[in-house]
Amino acid sequence: MKRLFALLLVAVLALAGCVQTKKDVEGGGDADTSTSGEKPSVEILGMASNENDLNILRDQLTKNGFDVVLNIQPDYGSFSAQKDAGNYDVALSSWTTVTGNPDYAVRGLFKTGGDYSVVSDSKLDELIDKASTLTGDEAKEAYKELEQLLVFDQAYIAPLYISNKAQGIYSAEVNPKTVRLPKSRAQVWESISFNDESLNESETLVLHQAISTLTSLDPIKGNDGSINTLNTNMYVRLVNLTDDDKVVSDGSLSYNHVMADGNSEFYFILRDDINFAKVENDTAVDTKELVSAEDVVFSLNRAKDPNSVPDHRTYSIHENIETVEIVTDIAELQNGKVAGSDETILDALSKGLPAPVTELVDSKEDVDNASGKYQVVKITTPNPFPQVLNYLAHQSGGIVSEKQVSSINTYDVANYDPNKDVAYGDQATVTEGNTYNNHLYASGPYILVKKNDYEATFVKNPAYRVGSEYEPKIKNISVRFIDDNDSALSALRNGEIHVLQSVPETKYDVVTSDKNLTLNQADSNAVSYLQFNTSGREVSDSADLRKAILYSINQEEFITYYQGNKRPAVSTVSPLIDTGLKLEADKEKVTEFLKAYNESK
Amino acid sequence: MKVISNGKLLLKITQEYGNAHFTLSFSAIFSFLFLLYSFNFNSQTVRPIVLTLFLIYLLTTLYVWFISKQIKRDLATSREIQKRTRLLGIPLIFTILVGNIFSSSYGFTLITKNKTPEYIFAIYAFLTQILIIGISGLNLFKPYVVDSFLLAISLFIALTIFYGVMLVLVANLVSSTFAPKWMLPIGIVLLFPLLTGNLFSFLLGFGLIKKARNKDASSIEKWQKMWRKILSNSMAVFGLFFIIFMFSLSVISPWTFDYDFATENNYSAILQTPTLEYPLGTDDFGRDLFSRIVFGAQISLIVGFSATVIPSVIGGTLGALSGYYGKKTDNIIMRLLDILYAIPGILLAIAIIAAFGANTVNLIIALSVGSIPTYARTMRATVMQISNYEFVESARALGASDSSIIFKHIVPNSLAPMIVKATLTIGGAVISTSSLSFLGLGVEPHIPEWGNILKIGSTYLETHSYLAIFPGLCIMLLVLSFNFFGDGLRDALDPKTN
């Protein structure tokens, strides 16, 4: 018996020897936290929808010796409220450059006094202004310098990743080849067609949007997810962005456009095959009024003037426009040269016109392209600013009817009372019910007939480039409002909606394995980053602390979590210009900066 | 003694026969599930381990079926179960090694005629400990174990042996009214394993002390009668077993499980299917689902218990006061509570959390406040009835103060309905906790909590369904256990059936 016990004891000891305990593996105490003394505390502000990012950040910062507090807000409203109140050290933010140009990715965000900026650094302001005037490799160098200052030297932001776009198409009914997935610009409706083209006339195309409260259908009064796509398809612009963010005249109001030598004068030659449409008895009718140069001048002048309407949300985008005018002197075009070439402006504008230019006319009454009578618009900027073209391609550069808008907006802007005065594009005028009184004049391929909380109904503009490849294919479109992305995906899977613009990363498998669906993937300009608080917090005063946080971030882990469907970022400029810089997690640097921070306290 | 001559009736009242069928059906269900899972339909291959389990469970099922036939024959021929048949239970005991708790406990109950509540407690204390060792033992497949692992496991093994010895002693020496005097100190020792969460050991110790002291025969009889009623209800017993097992597991988890596996992200092991290292797979952050569920039980149980105890104490006191004093007091308290009652519970909880932030304490408060009125109503009704009884009158005649009448005479006699109500609503509290976490209003997302785990699982329902199935099953089983146990308790405490 004794022997048995002894044997058992030996066996247990031997077994116990084989088991590795945590102490064996980690080899004693935590080395890195002991040096820095007290753990610095970091409060991360974010939204519940970004819970996964917050968790990864929490994990990375904790492992690097920070004490992390998460401040998770349920929606964007409460997130903004917390952010405005300054209740954060770092705020998990995201930015999508919808104009496709690098200036837009930095001006509003980081310039002193910018729309969304909390940063105030004169050196940074200088770099932003300098970079905006340049093109090509010069611009690349300038933006590299800017990123170096913004991210690595001062660490005002800490980048996380660039998102990809993924679009789900119900290809059992909709022809997936006709559904474009542009990097920056909003969904293109006019090209979409059903597999069976005979259905285009009778069947309704059902699209999706998350937000059902529309800010305004006046293109300059909103710049958010609720109206971007709708207004882009309701108002034509002077130029458009291609799927990979090149500025072109295709599918726009101009035949051609030209940047004159000196990079501060821009010419546009207008087409005469688009009329405004209006709604009568739930259907669109042709007003027979041409979308003309007068309307362009009117639209862009009000776009750049902060006082043209109450709640002007987009004038800062267009503040670089100095003048907008109609050119009547053909000699000006003959003498002017295209930037970086010997070609005359007239030659450049004349490519592919229905008839050669014989006369430039002032009034819309006289326009007749077939007999050589054209309208040309000229835009000037105070400084050389080639990226102004990208801004003109933005939704807020949409052309509205001078006659209609002036007749509706008769109130006094300074004393505007939203309860009494009705502004052009007010969503109440298109919402079903007592307030319904649709006064919209659409210059784009579609016009909004009416909306409720469930959907918005659109019909095609009967006078939009009839007979050309840009004529809208499908007659009726309904935009279904579904707030929850997972519900929207379910709706797509059973064919309730035909196109879903944002398939979540974790659901790609579901879409690709469904034979009724097609998944379209493309790069996007959406960047996720951490915005550091710039006033009243430890991180506001100590660049060392900010840099310690910056180097704690391991972008590879984010990318692994999203199953490779994200890309590394350096700043909000990264998706537009690859400056060659790279952020790599570095534990040694973290320790070093934390030490410096502790010493400076 | 009355002799039961009707063979059918005899079969019906013989517990062993009924339990055989109960065991039979559960073993059959599990063997069927194992059979289903033994074939991997995706890769068209057989999972050998699962197939072996299936065979063992199938054999067990057939064996139990054979035993039930034997019992039937015994009862028909000699009106009682033969010793030979009882010995057939011994092999069944070992099925605990493959986790078949049903047949193992059946084996234990079959081998002896002398089924005191203490014996049953000893069985389940033993089984609980073995399962705990088995579950904790799975951590050996991890790259490392926590520092206290070996010590804790040794302690558990020692406890298991102790329970095993007690099992034999109790079976042979303890009767329904009597236990030898020398068992008193052992009984006291048996109270301590409560620190490992093994409530069965505590109950066993408590019973032994009671019987060994042999002071109050009526209290022993009451104890004996109540537990006999509860324990004769198989579903209630397994409910109690699962609750105590989960409780024990969550109490000992810090000694045998590493919290880092449950909270630290591991990007090299994202979304892995179940293996020995990760018995229930990993989630989208590479965290071990098994560890998360074990640690999650802590919060679910703590919040569940607290959110039941707090309102039952507050509500009980308010109800007792209003029931005893009546008139204006009653009117004021009950109308105020009616107002509270009119606010939907979950909405109130959401509002409280939205206002004060999401953490465990606020979660408990939020869930407690809403359920105060129902407890007050239950208590008030019972107190109103009891305060008219003669023993209350006599206490009052003897000049006892109001507070001593309420808390010494009335409240102890009106506890039964409160206990039953609490057991039945505790499941609801567990569900509410998980629901709030699922909605993102409970504890912080990285902290393991069943609702949080289920939330992540719901995203991967189609591609990695195990992420949702396991936490879902746990919530379901725990709530079901509370409900079954509550039912058993109600039957046992209901004065009408007594």
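Student: How much area is buried between chain A and chain B?

Tutor: This is a predicted model, in which local features need pLDDT of at least 70 and side-chain atom pairs count only at pLDDT 80 or more, while totals for chains, interfaces and linings use all residues. Residues are numbered from 1 along each chain as its sequence is written, chains are lettered from A and ligands numbered from 1 in the order in which they are written, and side-chain values use heavy atoms, without hydrogens and water. Buried area is the accessible area (1.4 Å probe) that two parts lose on being put together, summed over both. Carbon and sulfur atoms give 57% of the area between chain A and chain B, and the total is about 2,300 Å².

Student: Which residue of chain A forms a salt bridge with Glu462(B)?

Tutor: A salt bridge requires a side-chain nitrogen of Lys or Arg within 4 Å of a carboxyl oxygen of Asp or Glu. The count between chain A and chain B is 2. For Glu462(B), the closest N and O atoms are 2.6 Å apart, and the partner is Arg493(A).

Student: Which element gives the most to the side of chain A that touches chain B?

Tutor: Helices (H or I, at least four residues) and strands (E, at least two) are DSSP runs, numbered from the N terminus. Elements giving two or more residues to this side of chain A include α2 (22-26), α4 (51-63) and β2 (67-73). With 7 residues, the one that gives the most is α4(A).

Student: Which residue meets Lys142(B) in a salt bridge?

Tutor: The rule finds 1 salt bridge across the interface of domain 2 and domain 3 of chain B. The side chain of Lys142(B) takes part in a salt bridge with an N to O distance of 2.8 Å, and the other residue is Asp288(B).
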